Amino acid sequence: YNACLFVYGHGRSGRSHTMVGVEPDPGLLPRMMEGLFQSEKVMSGELAVEVSFFEVQNEQLRDILRRDPMNTGNIKVSVCLICCVEKS
């Protein structure tokens, strides 16, 4: 399976809280990872899991899991334009 989770919002809008949460109220990522790693297929080794966590801020890509987060390897970022059209 492949999945992509994209979070967008202005500074101080609650993105980090939604994604990470706090100890008594975990965010989306801890809950998602806990559910994934409790899966029978993952626990038995039948399914391998690979994850990447990236942050784009001020037009800079940062690999959150690398020791040197600005070293993103050979990842290319291309411009994506999303257009919303309202039906009349």
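Along the sequence, the protein chain runs through the pattern α-β-β-α-α-β-β. That makes three helices and four strands. The model is predicted. The points below cover the chain totals, the hairpin formed by β3 and β4, and residue L47 in the loop between α3 and β3.

Chain totals
- The protein chain has 88 residues, of which 9% count as buried.
- Its accessible surface comes to about 8600 Å², and carbon and sulfur atoms hold 53% of that area.
- Among contacts in the protein chain with a separation of 6 or more, 4% are between residues 24 or more positions apart.

- Strand β3 covers residues 54-57, and strand β4 covers residues 60-63.
- The two strands run antiparallel and are joined by four bridges.
- Across this pairing, E55 stands opposite R62 in β4.
- Two residues lie between β3 and β4 in the hairpin, and N58 in the turn has a positive phi of about 50°.

Residue L47
- L47 has a relative accessible area of 30%, so it counts as partly exposed, a class that lies between the 20% and 50% limits.
- Apart from neighbours within four places in sequence, L47 is in contact with K41 and V42.
- Y1 is 46 residues from L47 along the chain, and the C-alpha atoms of the two are separated by 10.0 Å.

How values were computed
Residues numbered from 1 in each chain as written. Predicted model: local features only at pLDDT ≥ 70, side-chain atom pairs only at ≥ 80, totals over all residues. Heavy atoms only, no water. Buried < 20%, exposed > 50% of the residue type's maximum accessible area, 1.4 Å probe, protein only. Contact = heavy atoms within 4.5 Å. Areas by Shrake-Rupley, 256 points an atom, 1.4 Å probe, with all protein chains shown as cover. Pairing = 2+ DSSP bridges.
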